[in-house]
Structures are given as structure tokens and as C-alpha cells.
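Subject: Handing over the model

Hi,

Here is the structure I promised to pass along.

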Amino acid sequence: MPLNDVPWTRPVRIRLQCGLERTFTGAYDALDFLENEWPLRHGERHERAVRTCRGALNGAIPSIVAREAFVAACLEAGMPSVLAPWKRKPTTHPARPARLVAS
């Protein structure tokens with residue numbers, strides 16, 4: 001992951017047109033895909049996603065806006081989003097107080 005990446009709290013998993021699935025974890029991954037591997041070049045949502053991902057990397061746009069723009073561009077291009085699991089921290093339960101045992 002590049003140093004200037006803006007990670008998303010929830011990754012985006014996309015089903016590509018060839019049927020394979022690919023996971024994107026932040027604005028840098030999404031922008032690289034949009035600029036170098038995108039199957040369509042003239043979609044309105046594609047252009048918006050490029051602008052918002054760049055803005056997120058520059059700190060001008062919240063990462064959630066870039067994430068949603070990327071998902072919209074993928075839908076416009078016929079690449080649906082696949083539900084990706086949330087990154088959850090393991091829950092820890094407070095320790096139980098020790099029981100006193102009567103002797």
C-alpha cells in the first residue's frame with residue numbers, strides 16, 4: 001500500500017466483466033484501476049470517480065465519497081459490487097470477577 005493511500009473502512013469487491021472478483025481497499029487502488037485497467041473510458045461516473053479518488057488522495061474529499069463514486073462507476077460499467085465483509089475488531093469481554101468458594 002502506498003504511503004499516500006486513503007484506506008476505506010470497508011473494502012469494495014467488484015465482479016469484473018470476465019467474471020473474476022477483485023477487491024479494492026482504498027482510493028489509491030481504485031484510482032489505479034480507473035486510470036489503467038478500466039474497460040470503458042467515456043462514462044460520466046468514471047470521470048467523477050477519477051476526480052473524487054484524486055481529491056481523497058489530496059485530502060480535499062472524504063474517502064467515503066470516493067468509495068461511493070467508485071462503486072457507482074463500476075455499476076455504470078456493468079461490474080456489480082459484491083458484498084465484502086466488514087473489518088471488525090475482535091470483541092473482548094471484561095474479565096469476570098473471581099468467585100469466592102465457601103470452604
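Below is what I found, going from the overall fold to single residues.

First, the ground rules. This is a predicted model, so local features need pLDDT of at least 70 and side-chain atom pairs count only at pLDDT 80 or more, while totals for chains, interfaces and linings use all residues. Residues are numbered from 1 along each chain as its sequence is written, and side-chain values use heavy atoms, with hydrogens and water left out.

**Overall fold**

The protein chain has three helices and three strands, in the order β-β-α-α-α-β along the sequence. Helices here are DSSP runs of H or I with at least four residues, strands are runs of E with at least two, and both are numbered from the N terminus. Of its 103 residues, 35% count as buried. Buried means under 20% relative accessible area, exposed means over 50%, and partly exposed is in between, using a 1.4 Å probe on protein chains only.

As for contacts (heavy atoms within 4.5 Å), take the pairs in the protein chain that are at least 6 apart in sequence: 53% of them join residues at least 24 apart.

**The core**

Which residues touch the most other members of the largest nonpolar core? They are Ile14, Phe33, Leu34, Trp38, Phe70 and Met79, out of 25 residues in that core. Four elements each supply at least two residues of this core: β1 (7–15), α1 (27–36), α2 (44–57) and α3 (63–76). The largest share is the six residues from α3. For the definition, a nonpolar core is a set of buried Ala, Val, Leu, Ile, Met, Phe, Trp, Tyr and Cys residues joined through side-chain atoms within 4.5 Å.

Leaving out neighbours within four places in sequence, Phe70 is in contact with Trp8, Val12, Ile14, Phe24, Ala30, Phe33, Leu34, Trp38 and Ala49. Its C-alpha is also 9.8 Å from that of Glu47, a residue 23 positions apart from Phe70 along the chain.

Trp8, one of those partners, lies in strand β1 and is buried as well, at 5% relative accessibility. With residues up to four places away not counted, Trp8 touches Phe24, Thr25, Gly26, Ala27, Ala30, Ser63, Ala66, Arg67 and Phe70. Between Trp8 and Gly26 there are 4.9 Å in space, C-alpha to C-alpha, for 18 residues in sequence.

Arg67 is in helix α3. Is Arg67 buried or exposed? It is buried, because its relative accessible area is 14%. Beyond four places in sequence, Arg67 touches Trp8, Arg10, Pro11 and Val12.

**α1 against α2**

Two packed helices are described by the angle between their axes and the distance between the axes. For α1 and α2, the axes come within 9 Å and cross at roughly 145°. Those axes are lines fitted to C-alpha atoms over the stretch in contact, with angles running from 0 to 180 degrees between N-to-C directions.

On the α1 side, the contact is made by Ala27, Tyr28, Ala30, Leu31, Leu34 and Glu35, and on the α2 side by His46, Ala49, Val50, Cys53, Arg54, Ala56 and Leu57.

Val50, in helix α2, is buried at 8% relative accessible area. Apart from residues up to four places away, it touches Leu31, Leu34 and Glu35. Val50 and Ala69 are 19 residues apart in sequence, with 8.5 Å between their C-alpha atoms.

In the loop between α1 and α2 you will find Gly43, which is buried at 15% relative accessibility. The C-alpha atoms of Gly43 and Ala77 are separated by 7.7 Å, and these residues are 34 apart along the chain.

**Cysteines**

Cheers
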